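Hi,

Here is the structure I promised to pass on. Have it open while you read, and my notes follow below.

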Amino acid sequence: PTRLGPKTTLEEGVTDLQILVHHILLYRQNNENTKAKLTQGDNKGRPSKKHKSSKVLISNLMLCNLMLLCKDDRHRSGMIEDGNAYFAREDADEDSNLDGEPKKRDFTKLELKLDHTNRPLWACADGRIFLETFSPLYKQAYDFLIAIAEPVCRPESMHEYNLTPHSLYAAVSVGLETETIITVLNKLSKTKLPKEMIDFIHGSTANYGKVKLVLKKNRYFIESPFPEVLKKLLKDEVIGKARISTETAHGADGFTISKSLNEIGGGHDDLLSRARSGIIVLPCGAGKSLVGVSAACRIKKSCLCLATNAVSVDQWAFQFKLWSTIKDEHICRFTSDSKERFRGNVGVVVTTYNMVAFGGKRSEESEKIIEEIRNREWGLLLMDEVHVVPAHMFRKVISITKSHCKLGLTATLVREDERITDLNFLIGPKLYEANWLDLVKGGFIANVQCAEVWCPMTKEFFAEYLKKENSKKKQALYVMNPNKFRACEFLIQFHERERGDKIIVFADNLFALTEYAMKLRKPMIYGATSHVERTKILEAFKTGKDVNTIFLSKVGDNSIDIPEANVIIQISSHAGSRRQEAQRLGRILRAKGRLEDRMAGGKEEYNAFFYSLVSTDTQEMYYSTKRQQFLIDQGYSFKVLSCILWFVDLFAI
Amino acid sequence: MPQVRIIAKNFIDMVASLPAVKLDMLYANPFICEAILRSLPPLAKKYVLQMLYIDAPVPAKSMEEWVLPDGLSKHRVAIDRLIQLRVLTETVDRKKETSYEMNQKFQLNLQKQLIYGGVLPRESMPSNSVMLPSLEELEMYALEQWEVCTFPAASYQLQPSGKVNKLQFFNDEGFPTWPLESKVFHFIIEKEGSRLTEYGFQFLLMDTNAQLWYIVREYIANAEERGVDPASIISFLLELSFHEIGQAYNLNTLNEVQQSTIKDLADLGLVKLQQGRKESWFLPTKLATTLSVCLSDTSTRRQGYVVVETNFRLYAYTTSKLHCEIMRLFARVEYQLPNLIVGAINKESLYNAFENGITADQARFFFFFFFIILFLQQNAHPRVAEKTPTVPENVTDQIRLWESDLNRIEMSPAQLYDEFPSKVNSKDLFEAACDYAREYGALLWEDSKKMQLVVKSELHNEMREYLRRQK
């Protein structure tokens with residue numbers, strides 16, 4: 001993490017200010033608690049692994065950031081330890097996975113309640129929760145668990161959740177109190193709650209939510225109903241200095257800090273709504289854009305909407321026009337190609353992360369627009385696809401823009417580098433995560449048949465693959481495997497001719513993308529394709545009868561809206577990325593056809609198909625298993641088609 | 001196709017294989033007649049009832065007219081079964097016309113049984129004279145007792161050192177205390193006592209009823225060695241299944257053979273023995289009464305307890321240690337809760353089973369994977385049992401794929417022959433060596449450039465001799 005000392009200028013804005021506060025606390029705590037941490041790890045019987053110091057720092061940083069302030073020192077140290085214990089456990093989990101050695105957790109001693117059959121869940125001392133989906137109390141239990149815990153996997157009959165500090169912070173931030181959490185959990189549990197879990201909930205929630213940072217008239221206020229907390233904060237050197245008026249003019253419930261110490265604290269404007277910031281996780285096609293637009297409508301203030309690329313900027317602008325009553329002239333797009341000036345007092349600006357975070361010299365025109373964005377007090381900062389944006393970019397964006405409320409949207413809150421937890425303190429806690437399977441059952445998103453197609457390597461390709469000198473060409477070899485090409489060709493033909501489907505073929509590997517597309521005479525879009533051409537191809541795909549298949553590189557993974565497509569064929573991918581797999585699946589999740597046809601037993605129970613072509617006996621097999629994990633945890637299953645070549649031959653005759 | 005040694009539900013086959021005299025003796029007992037009737041395929045059942053009061057032989061031709069043309073194969077099966085069991089006898093007259101007649105003893109006894117109802121040779125003791133356990137208690141007792149029997153077999157798997165718990169069936173000196181003894185358990189556990197045989201695996205994965213049948217069958221098969229007539233045990237067991245669960249029956253109503261048998265059955269949890277001040281009595285448990293259920297209806301079995309999810313996670317609703325051990329045979333147990341075991345199936349967990357227990361052999365792989373899938377299907381929790389398939393398709397597919405993965409490589413001991421002299425004519429020597437090995441079907445691999453060949457070990461001596469001669 002970037003080290004922020006007291007010298008950091010406060011101009012960097014809100015996030016850095018928060019981090020600053022917490023760094024100061026962090027350094028102190030670190031010094032105080034190093035010893036305590038180690039012994040705690042031992043006490044819990046969990047292997048206290050040697051952390052890389054940076055990891056501890058990150059976790060502490062986030063914890064500190066989230067809990068903001070602590071009631072008393074003992075409590076505080078308790079929290080930090082719990083946090084460490086949690087992270088240590090995560091490490092240990094990873095280790096056990098590596099060894100393939102099961103970690104047996106024996107909780108048979110927990111006391112079953114007499115009427116346990118009527119209750120829907122089991123809670124384990126290590127934070128794991130099992131939920132029966134067939135329990136009559138499932139719905140209530142599910143709503144509650146999703147608010148307090150992190151879903152691990154949600155297949156049909158049994159869900160698993162983990163209680164984590166983050167998930168509990170999120171619970172507190174939506175207004176659940178510690179005692180409520182424990183009581184409800186206890187009510188739902190088949191056994192008496194393990195003491196460890198009760199302690200954990202206390203430890204994680206007791207200190208959260210005591211202080212609020214509120215934006216008023218472009219200045220930040222720190223508010224708290226607990227005067228002693230404010231006093232404590234004021235004693236801090238940096239915060240004390242940053243304070244604007246020494247007199248707490250509005251009683252003990254708030255004080256103001258600002259960029260400049262000369263400014264004088266403002267009045268208490270109750271007009272400002274105090275919306276909650278956070279992240280909403282919805283699968284693609286489930287209506288993320290609609291959620292974003294309706295959030296903006298609810299807040300009824302200027303909204304800055306950030307997307308990942310120019311195409312999706314256009315799509316967002318379109319969504320605003322479609323779903324809201326806003327006048328066209330109040331929506332402006334700000335991209336390298338279109339620089340629409342902001343007119344009037346309020347409105348929606350749609351732009352990309354890159355445009356805002358851009359550090360180099362800007363044209364005069366865009367400099368003006370950026371200045372406007374910077375000076376405005378935004379009601380809502382709407383951030384699309386938050387999972388793809390690197391943390392430093394976020395920090396920059398958030399420091400440039402000031403908003404009352406930040407709303408992040410994403411379909412998959414997983415990253416292979418686990419940087420996803422950064423989002424917790426950059427945007428806010430996860431507010432909601434939809435259950436994919438429930439959405440499928442409700443007919444809200446398409447019911448996708450997933451298949452892993454096994455393509456044996458041809459003799460010649462496999463011989464080359466095994467050669468040592470070709471170790472760098474391995475990917476090219478398994479992607480260009482002629483059997484895979486045949487399978488791909490067959491699937492395209494089959495779906496185009498037999499079913500009249502619209503097909504997207506994904507290839508990460510540019511060479512393969514071009515080769516396949518040229519050989520099969522299909523249009524393709526990749527990084528270098530111009531905006532105009534992209535739009536043209538997509539338009540032809542959406543409306544034309546002749547273009548039924550397009551080839552996309554990874555630029556198509558996110559936020560290109562192609563609702564017509566219902567078949568995906570994946571010929572190469574980014575190693576073991578679970579997120580990419582889920583994002584790509586998301587391209588075809590939009591429900592099509594009539595609802596009754598799509599339900600179980602209907603004539604089109606599956607009307608969307610996801611094929612992942614894998615060359616057998618190569619690295620791809622390993623990656624493929626890894627990639628599918630997220631979707632499998634959401635209850636999807638991949639059918640292995642191991643003899644597709646047989647069909648290929650059959651149809652060739 | 002490998003030979004299937006355990007066919008769990010073939011008790012009737014065993015009855016059918018008894019010599020004619022023994023069979024006729026069995027039919028002296030009306031209860032056996034009823035049990036046999038229950039066991040028959042539906043069409044055969046109908047024939048028996050249809051012919052119950054016909055004294056004369058029925059021509060085969062007129063019987064064939066009873067069924068529609070497309071039911072003819074079922075008709076054959078039914079007739080075959082009835083002849084096998086000597087319920088019907090086949091006669092061919094001078095005109096070469098076949099006709100069937102019912103076994104008279106069977107017919108009479110079945111008539112009696114159906115008209116008057118079965119009267120057991122003993123009546124239950126009045127409930128005020130004895131303290132009866134509740135039905136739940138009795139069922140608990142039966143299951144516990146049964147697990148005590150099978151649990152050691154499961155734990156064998158987990159103690160690779162060969163240090164195992166003494167079986168319930170062996171006394172301190174290692175001598176069998178129960179007539180079943182070695183026959184059954186040598187079958188399940190290899191003689192060295194350190195690991196399960198593949199049949200042991202199958203045994204553990206069978207449901208309780210199938211296991212019960214299996215043991216009882218061995219028990220009957222061994223009866224003769226103990227100087228007991230198997231038919232008398234069969235008849236007693238069948239009779240027992242008509243007793244009422246949880247009622248007390250006085251031990252003094254039993255003959256000598258039955259008294260010794262009932263003690264063995266108590267070990268298995270089929271009956272509970274109790275002793276009063278003056279008298280002793282036995283209480284049949286559910287296990288005993290399901291004996292006859294096993295005979296006829298394979299679909300009524302104990303409620304399943306396993307849920308398998310599409311993500312290969314396994315949830316077993318059970319409090320039984322035995323079940324937990326069984327899970328461990330092929331899954332990674334992750335959490336144990338008071339009434340739930342959480343685990344996951346993966347390639348490693350399945351392959352581990354081989355490393356610990358079963359030696360690599362294709363036929364055994366086949367059994368192992370086959371039985372695991374069968375086990376998961378048969379023990380499906382009621383919540384998922386209604387669904388088809390009960391075990392997600394992708395899981396069964398994957399298990400089969402893992403299985404076929406094991407079959408991709410075949411190992412055979414071999415020898416590498418190298419460094420053929422690089423003279424002009426040495427090429428011929430190499431070629432000749434290859435031809436020689438090929439002739440015996442032992443050539444596994446050759447590389448004519450490097451002049452290397454690999455030959456099955458079994459030909460090594462001959463090969464060496466051959467090469468020496470060529471020089």
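Predicted model: local features only at pLDDT ≥ 70, side-chain atom pairs only at ≥ 80, totals over all residues.

The partner of Asp143(A) is Lys139(A), and their side chains meet in a salt bridge at 3.4 Å, N to O. Lys139(A) is partly exposed too, with 49% relative accessibility. Both sit in helix 4 (residues 138–148) of chain A, and because they are four residues apart there, about one helical turn separates them. In general, side chains of opposite charge can pair when their charged atoms come close. Over all chains, the structure holds 32 salt bridges.

Another one to look at is the salt bridge between the side chains of Asp508(A) and Lys554(A), at 4.0 Å, N to O. This pair links distant parts of the chain, 46 residues apart: Asp508(A) is in the loop between strand 19 and helix 20 (510–520) of chain A, and Lys554(A) is in the loop between strand 21 and strand 22 (567–570) of chain A. Are the two partners buried or partly exposed? Asp508(A) has a relative accessible area of 13%, so it is buried, while Lys554(A), at 47% relative accessibility, counts as partly exposed.

In chain B, have a look at Glu334(B) and Arg313(B), which form a salt bridge with their closest N and O atoms 2.8 Å apart.

**Strands in chain A**

Strand 19 (residues 503–506) of chain A runs parallel to strand 21 of chain A, and four bridges join them. Here Phe506(A) stands opposite Leu552(A). Strand 20 (residues 524–525) of chain A also pairs with strand 21 of chain A in the parallel sense, over two bridges, and Leu552(A) is the bridge partner of Ile525(A). With helix 21 (residues 531–543) of chain A, strands 20 and 21 of chain A make a right-handed β-α-β unit.

Now go to strand 12 (residues 348–352) of chain A, where five of the five residues are buried. Val348(A), Val350(A) and Thr352(A) lie on one side, with Val349(A) and Thr351(A) on the other, and both faces are covered. Which strands pair with strand 12 of chain A? Strand 10 (residues 303–307) of chain A is joined to it by five bridges and runs parallel, with Ala307(A) and Thr352(A) as bridge partners. Strand 11 (residues 331–334) of chain A pairs with strand 12 of chain A in the parallel sense as well, over four bridges, and Cys332(A) stands opposite Val349(A).

Chain B has an open sheet of three strands in the order 1-3-2, with antiparallel pairing. Strand 1 (58–59) and strand 2 (88–92) of chain B stand at the edges with a single partner strand each, so one side of each is left without a neighbour in the sheet. Two bridges join strand 1 of chain B to strand 3 (residues 98–102) of chain B, and Val58(B) stands opposite Tyr100(B).

On the surface, Leu49(B), Tyr53(B), Leu114(B), Ile115(B) and Tyr116(B) form a nonpolar patch, with about 580 Å² of accessible area together. Helix 7 (residues 104–116) of chain B gives the most to the patch, with three residues. One residue of that helix is Ile115(B), and with a relative accessible area of 52% it is exposed.

Helix 15 (residues 321–330) of chain B is mostly covered, with eight of its ten residues buried; among them are Leu322(B), Cys324(B) and Phe330(B). Ser320(B) caps the N-terminal end of this helix, with a side-chain oxygen 2.9 Å from the backbone nitrogen of His323(B).

Cheers

Note on methods. Residues numbered from 1 in each chain as written. Chains lettered and ligands numbered in written order. Heavy atoms only, no water. Pairing = 2+ DSSP bridges. Right-handed = clockwise from strand over helix to strand, strands pointing away. Patch = residues over 30% accessible without salt bridge, like charges linked within 9 Å, V, L, I, M, F, W, Y side chains within 5 Å. Areas by Shrake-Rupley, 256 points an atom, 1.4 Å probe, with all protein chains shown as cover. Buried < 20%, exposed > 50% of the residue type's maximum accessible area, 1.4 Å probe, protein only. Polar contact = N/O pair within 3.5 Å; in protein donor to acceptor, adjacent residues only side chain to side chain.
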